[in-house]
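Biologist: Could we go through this structure together, beginning with the helices?

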Protein chains: 2
Amino acid sequence: MEYKDATIEEVDQAMRESQVAFLSYKNLSGKKKAEFLRAVADEIEALGSSLIEMAMSETNLPEARVAGERARTTGHCRMFADLVEEGSWVDARVDHAQPERTPAPRPDLRKMLVPIGPVVVFGAANFPLAYSTAGGDTASALAAGCPVIVKAHPAHAGTSTMVAEAIKKAITKTGMPQGVFQHLHGKNFAVGQALVMHTITKAVGFTGSLVGGKALFDLANKRPVPIPVFAEMSSINPVYLLPESLGATFEKTASMLAASITQSVGQFCTNPGLIIAIDNEALKKFIAKLSEEISKIPAGKMLHPGIADNFHRRLKESLQQKGVTIETQSTDEGSNLYGRPTIASVPAQEFIKNPLLAEEVFGPFSLIVKCRDLTELTSVASRMHGQLTSSLIGSEDEIQNHSSLLNVIVEKAGRLIVNGVPTGVEVVPSQNHGGPFPSTTDSRFTAVGTDAIKRFVRPVAFQNFPNALLPAELKEENPLKIWRMKNGTLQKA
Amino acid sequence: MEYKDATIEEVDQAMRESQVAFLSYKNLSGKKKAEFLRAVADEIEALGSSLIEMAMSETNLPEARVAGERARTTGHCRMFADLVEEGSWVDARVDHAQPERTPAPRPDLRKMLVPIGPVVVFGAANFPLAYSTAGGDTASALAAGCPVIVKAHPAHAGTSTMVAEAIKKAITKTGMPQGVFQHLHGKNFAVGQALVMHTITKAVGFTGSLVGGKALFDLANKRPVPIPVFAEMSSINPVYLLPESLGATFEKTASMLAASITQSVGQFCTNPGLIIAIDNEALKKFIAKLSEEISKIPAGKMLHPGIADNFHRRLKESLQQKGVTIETQSTDEGSNLYGRPTIASVPAQEFIKNPLLAEEVFGPFSLIVKCRDLTELTSVASRMHGQLTSSLIGSEDEIQNHSSLLNVIVEKAGRLIVNGVPTGVEVVPSQNHGGPFPSTTDSRFTAVGTDAIKRFVRPVAFQNFPNALLPAELKEENPLKIWRMKNGTLQKA
């Protein structure tokens with residue numbers, strides 16, 4: 001089916017409708033917003049197998065993966081529903097007046113988080129449900145009280161359209177303002193550009209390539225009124241293997257990494273693209289075991305031809321760099337639409353000299369960086385770009401003994417993992433899916449977990465307000481019974 | 001005295017020392033950082049009257065004001081000391097593992113806020129102590145665990161140098177890493193530029209003009225690795241007078257505003273530069289009373305000749321715009337170094353057509369916008385730029401009856417005030433000193449109050465960490481006894 005790009009007039013119309021919706025939607029109670037988000041989850045489930053089939057046909061992802069993604073999508077809609085229904089997320093503060101204070105009386109002051117305004121969301125190619133039309137960006141923005149305008153990803157425009165229809169049904173069912181969700185197609189960059197540049201747009205969510213995300217970030221900063229862009233872009237998720245314990249754990253570590261590198265044909269933002277280790281006997285055994293595993297994993301059909309082309313080009317380029325040696329490839333070559341699992345290695349000195357090797361190769365590929373010693377390994381760590389994750393494989397004692405390494409890698413990533421792999425991003429309050437540039441454009445916010453809502457809000461203080469004029473969250477009697485910091489003390493009663 | 005600009009080599013040296021200091025300073029306990037911040041306050045007080053005299057001589061501010069500012073400065077150092085000693089500000093989260101979960105076990109995940117890295121601070125001309133060398137930006141960044149590099153404001157370089165020496169004494173006294181605070185002079189923009197562009201710099205704090213703040217923001221976004229700039233820039237702080245109650249309150253309102261407009265020669269970022277009202281009999285009485293008060297308030301010597309020149313130029317320009325009429329000026333004309341209190345008015349239709357009238361005139365000036373009716377008044381409100389504050393003067397019933405006005409102005413400001421003036425920014429947890437562009441570059445953060453620390457941190461998640469390797473804030477036994485969200489429930493025990 002052909003999906004027609006929105007015209008500039010349609011973009012403008014969608015943004016105007018968003019703004020009208022915003023002025024009423026923002027004032028709805030958490031309970032009403034929760035009803036809406038739960039209805040979105042219900043309507044997505046009501047699409048049944050037809051949604052699964054559409055997503056499979058558009059992305060080449062297997063049924064189990066798409067079904068898992070659907071569960072994740074409805075799960076985060078319901079998670080944000082619970083969050084806003086409970087209400088404490090607004091971080092309410094109350095400081096009572098001190099009329100007797102000298103030299104001047106202190107006024108009553110209260111503060112809470114309020115929605116920032118209409119949010120434009122660009123869905124991810126690699127998550128047709130969980131980071132797309134009703135993905136984490138959309139769900140968290142709607143939960144915050146912001147209307148959402150989705151630019152459908154052209155690689156799964158049919159899936160996007162089905163989900164958009166489900167959201168629209170939920171709007172009608174729960175009596176939300178119609179304009180609170182808009183869905184536009186745009187293969188042409190002009191549509192995305194018009195959305196980001198529109199005066200009504202107050203923030204942008206994006207998941208995709210560094211080139212795409214950085215282009216939107218630059219556009220947003222060139223606006224007469226700059227707006228925040230939350231772009232999740234590029235991460236190679238280094239895994240550091242500590243030398244002393246590797247001799248005992250190489251088999252388990254190799255199996256764990258082989259699965260992580262090739263899961264969903266390596267098309268995860270948390271795919272471990274770099275393994276950094278000391279060149280010793282244990283590493284040789286690790287590489288032999290990893291090679292054995294990788295060689296058996298078949299090539300997989302990638303999300304779309306553009307992603308496959310990009311993988312082949314970037315893989316070829318990486319393998320041609322000075323000092324890079326192929327360690328193993330899957331015995332299954334696949335075709336030009338497939339990603340063939342591949343492991344290569346390079347001496348640390350060459351890696352340090354060649355910035356191209358620190359760039360993401362999106363697909364089932366990992367590069368092993370062989371270091372002479374721990375000093376060189378720490379030196380590699382200290383030159384690393386910003387990452388979503390960094391992982392350390394080693395015993396507790398060994399990590400403790402090399403605490404300077406941990407002290408350095410914490411500066412380079414948003415999530416640190418011990419004896420595990422970076423793939424698998426839990427949706428919990430303690431999740432941080434974000435990290436220093438270029439992994440994202442703003443390391444201060446997460447795209448996954450309840451705190452994702454914080455991207456789309458700003459604080460407003462209310463000074464000397466009569467109780468009747470205050471939002472419910474700040475009224476003296478705390479009618480919503482939320483956690484508040486009152487005169488410096490956190491309390492609920 | 002002559003203060004020599006730092007060379008590019010000195011900038012580089014300062015940044016390198018900051019980074020070295022960062023790698024140890026960030027790991028110090030909240031208790032140790034609190035000792036340091038309290039020592040900073042003590043050492044500033046130990047400077048005694050010589051600091052007051054230096055600041056008075058450099059800024060023309062009166063003694064009471066400078067003494068008040070010193071109290072505010074030492075006050076916020078001690079406030080942040082208390083905050084980091086208590087420790088709950090790191091927003092700790094703990095989500096236990098679920099090893100039995102199917103299809104895959106859930107790992108243990110914990111999260112807290114960590115310092116972002118070295119922060120460059122540009123002090124404000126109008127607050128030689130409270131928003132300068134040991135001002136709110138410096139104190140909150142040091143509290144967060146970030147080294148600070150201050151670019152001294154050339155208009156009070158002597159004051160800045162004295163405060164820097166006090167901070168250095170506190171560093172020695174409490175055994176902090178020497179590089180944790182750096183102080184550089186730079187009349188030339190090249191110094192500031194080099195600081196913002198340095199790879200080690202992780203964030204920038206700035207208080208000053210729109211031109212200056214926007215230039216730093218643009219520079220920071222052009223870096224290969226963009227960094228956040230917290231610039232507080234330009235706000236005209238509209239005050240909306242509701243018509244029905246003005247007849248009864250015009251005298252009190254006029255006196256309150258006259259004082260607020262002329263306090264410290266109008267040199268506050270929260271100075272009420274715009275008064276928006278309906279053109280009726282009550283407004284005539286209000287203007288008569290305001291004129292009576294303003295005419296008696298003497299012209300005041302401004303902070304420095306550049307600020308006085310700018311005030312005269314911008315005032316003249318505003319008064320020359322179509323439809324603008326002078327309502328009153330102080331009978332004291334002052335000289336070219338002085339700011340003469342001035343009130344003008346303009347019909348709303350002219351105001352709406354002329355964007356220049358919505359720009360800040362930094363000094364003792366306020367423009368009254370005369371509206372035909374509430375519809376026009378709401379239309380003016382809806383076209384307003386982003387502001388630090390917006391104020392509503394009116395009875396509770398009247399504000400309630402015109403709730404659409406409140407619904408619009410909440411989108412335009414970071415702090416809303418009922419029946420009060422915007423000057424006077426309380427340092428409390430519920431303060432929000434920030435607002436939509438162009439009042440600041442990032443409406444999601446405050447520059448005043450405990451939450452100012454949030455500008456200089458980012459979250460990091462720790463997955464599957466052995467207890468011994470976790471930061472104290474996240475250890476299972478909660479040794480710091482801080483508030484944490486544990487498995488979804490906020491708790492302290």
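Modeller: A definition comes first: helix axes are lines fitted to C-alpha atoms over the stretch in contact, and angles run from 0 to 180 degrees between N-to-C directions. Please note that this is a predicted model.

Biologist: How do the axes of helix H9 and helix H10 of chain B cross?

Modeller: The axes of H9(B), residues 243-262, and H10(B), residues 281-296, come within 8 Å and cross at roughly 10°. Angles under 35 degrees count as roughly parallel, and H9(B) and H10(B) are therefore roughly parallel to each other.

Biologist: Which residues make the contact?

Modeller: On H9(B) they include B:Leu246, B:Phe250 and B:Leu257, and on H10(B) they include B:Leu283, B:Phe286 and B:Leu290. The residues of this contact divide into 11 nonpolar, three polar and four charged.

Biologist: Turning to helix H6 of chain B, what should its 18 residues span?

Modeller: At 1.5 Å a residue, H6(B), residues 157-174, should span 26 Å, and its end C-alpha atoms are 26 Å apart, which agrees. Just after H6(B), B:Gly175 takes a positive phi of about 65°.

Biologist: What do the buried residues of H6(B) pack against?

Modeller: They pack against helix H2 (30-46), helix H3 (48-59) and strand S5 (181-184) of chain B. Among these buried residues are B:Val163, B:Ala166, B:Ile167 and B:Ala170. An α-helix has 3.6 residues a turn, so residues three or four places apart point the same way.

Biologist: And the largest nonpolar core: which residues touch the most other members?

Modeller: Of its 133 residues, those are A:Leu37, A:Val40, A:Phe80, A:Val204, B:Tyr240 and B:Val369. Apart from it lies another core, of 132 residues, including A:Leu367 and B:Phe445.

Biologist: How many residues of chain B are in contact with chain A?

Modeller: In chain B, 54 residues are in contact with 55 residues of chain A. Strand S17 (457-463) of chain B gives the most to the side of chain B that touches chain A, with six residues. That side divides into 27 nonpolar, 16 polar and 11 charged residues.

Biologist: Last topic, the backbone. Which peptide bonds are cis?

Modeller: One cis bond joins A:Thr102 and A:Pro103, with omega about 0°. Another runs from B:Phe437 to B:Pro438, with omega near 5°. Most residues other than glycine have a negative phi, and most peptide bonds are trans.

Biologist: What phi does A:Asn487 have?

Modeller: A:Asn487 has a positive phi of about 45° although it is not a glycine. A:Asn487 lies in the loop between strand S18 (484-486) and strand S19 (489-491) of chain A.

Definitions and conventions. Residues numbered from 1 in each chain as written. Chains lettered and ligands numbered in written order. Predicted model: local features only at pLDDT ≥ 70, side-chain atom pairs only at ≥ 80, totals over all residues. Core = buried A, V, L, I, M, F, W, Y, C linked by C-beta atoms within 7 Å. Buried ≥ 20, exposed ≤ 12 C-beta atoms within 10 Å, placed from the backbone. Helix = DSSP H or I, 4+ residues; strand = E, 2+ residues; numbered from the N terminus. Expected span 1.5 Å × (residues − 1). Contact = placed C-beta atoms within 7 Å. Parallel < 35°, antiparallel > 145°, perpendicular 65-115°, else oblique. Nonpolar A, V, L, I, M, F, W, Y, C, P; charged D, E, K, R; others polar.
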